[in-house]
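Colleague: I am new to this structure and would like a close look at one part of it. Could you walk me through the salt bridges, and then show me how a pair of helices packs?

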Amino acid sequence: MDIDKLGDKLSCTLTNWEVHNGDSLSKTPNRKGNKVINNFKINIDTRSVEDKLSSLINKHLNDAQKALENIRIQRENELKKQEELRISQEKKRLEDEKRRIEEEKVHIKNEKKFFEDIKGNVEAQKQVEKTIENNIVTNTRDTLNIENPRNRCIVNQTEERRFVEMLENYEKSKEYLEIMNSTDKDIKNTRINIKKTIQLSINQISSTKKQVLLSSNRIIELLSSLKNMKQSYDYALYMIANSLISQCSGQITAHPDSVWSYSYTYFNILKIHNEIDMMMNGIIYRSCPILLSGKLKEMQNMNETEEALFQRISSIVRFYLAINIQCKNYHVIWLWLVKILNKNPSREVPSVLVTALQIIPFFFMPVFGIQFRKLLDYIHNFIIPNINLLIENNPYPIKSYSQQLGMILNELRGTTSIHEPPSGYILKDKNIDIEC
């Protein structure tokens, strides 16, 4: 109700009340009535403000309670997310741990197989140790001759030369000359496709497991498709071996660690198509006579410096060592080293020994033990002094190799075990920038 109307009504009521009761105030109804009315108005205004304040306070309290509730809910959600993240991280940690355990099991299994292979070669090893002790220590020039039928590599000069002869007979054969020189459309297309597939596959080899497997499998598939076509199959084997050896004067010389990627590729092919063994051995022995006879024949190309020649020889030796290590043919490498050390060193020997000692110690220490240490002592005590005589006559470039050889020997003779494999031996898991 309007306050002014209410006041008028109250004033009228009071006047009537005073008249009815004979009160003298009825004479001045308006003045007193207005005072009462004003007081009433003030009381009503005060209550109205209080009501509004109370309503406003209640509203703010409700808003605060809602805000607090929202904060509580938000906090609970954050805690829930943190807990979910913690659980996820813990789950990932457990999965990583499980994966690590599985990898460790595989590693242990591989190590077990490795030592079982060594155990299977124990008789050959004992014979090697006995022979090396007689030959290395006394510096005799007897030719060592040990063969383990479980291994496919060459173990004596007669067999080595036989592989070279077989290669040269193939290069003179009607089948080879026909596929190389024929203008027949089908034969020519076959030849081009074989060369293209092999070259593309080898060019794509890198230091990652994935790429090595891809290149290996592509070559294996090519050979499998040609298995029933002897002329094309033999030609493909020949081209694969040639293409891999050609990397020695290119990638392996520029990036020595890359030898392991090429050796893994060769080993993967060898496991499925072991006929490549004849081609590879024939080409590698013919390319580097020091592997065939323990001494260097005329191998220097026109306009090739002695330094460049030594680098090329070292690269082929590096590849030879790598593929024999892949095949676990340690005794083959051992016999070749003995053959070199039982001769007076020639100028290429320092670079060859540097290459060998950069690769073999990790594999030879656990296999040959004290006999390997005797071999190192022999190089230090007898080979190095003879190399120094060569340096006096013409120091370049063998002086730097001799110094490098001396440092490697000092390091190896001061340790009983090698914990790290040679650089590049362990292929990378991801296709990132390659180190080799």
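Modeller: Let's start with Arg 72, which forms a salt bridge with Glu 76, their closest N and O atoms lying 2.5 Å apart. By salt bridge I mean a side-chain nitrogen of Lys or Arg within 4 Å of a carboxyl oxygen of Asp or Glu. This is a predicted model, where local features need pLDDT of at least 70 and side-chain atom pairs count only at pLDDT 80 or more, while totals for chains, interfaces and linings use all residues. Residues are numbered from 1 along each chain as its sequence is written, and side-chain values use heavy atoms, leaving out hydrogens and water.

Why can such partners pair at all? Side chains of opposite charge can do so when their charged atoms come close. Arg 72 and Glu 76 sit four residues apart in helix H2 (residues 29-120), so about one helical turn separates them. Helices here are DSSP runs of H or I with at least four residues, numbered from the N terminus. Arg 72 is partly exposed at 39% relative accessible area, and Glu 76 is partly exposed too, at 41%. The cut-offs are under 20% for buried and over 50% for exposed, with partly exposed in between (1.4 Å probe, protein chains only). The pair also belongs to a network of salt bridges that links Glu 69, Arg 72 and Glu 76.

Now move along to helix H8 (residues 230-246), where Asp 234 and Lys 230 are four residues apart, about one turn of the helix. Their side chains meet in a salt bridge of 2.6 Å, N to O. Asp 234 is buried, with 16% relative accessible area, whereas Lys 230 is exposed at 60%.

Another salt bridge joins Arg 312 to Glu 304, with 2.8 Å between the closest N and O atoms. Here both residues are buried. The count of salt bridges comes to 11.

Helix H11 (residues 276-287) packs against helix H13 (residues 306-326) at an angle of about 150°, their axes 10 Å apart. The axes are lines fitted to C-alpha atoms over the stretch in contact, and angles run from 0 to 180 degrees between N-to-C directions. Where do the two helices touch? Met 280, Ile 284, Tyr 285 and Ser 287 in H11 meet Ile 316, Phe 319, Tyr 320 and Ile 323 in H13, contact meaning heavy atoms within 4.5 Å.
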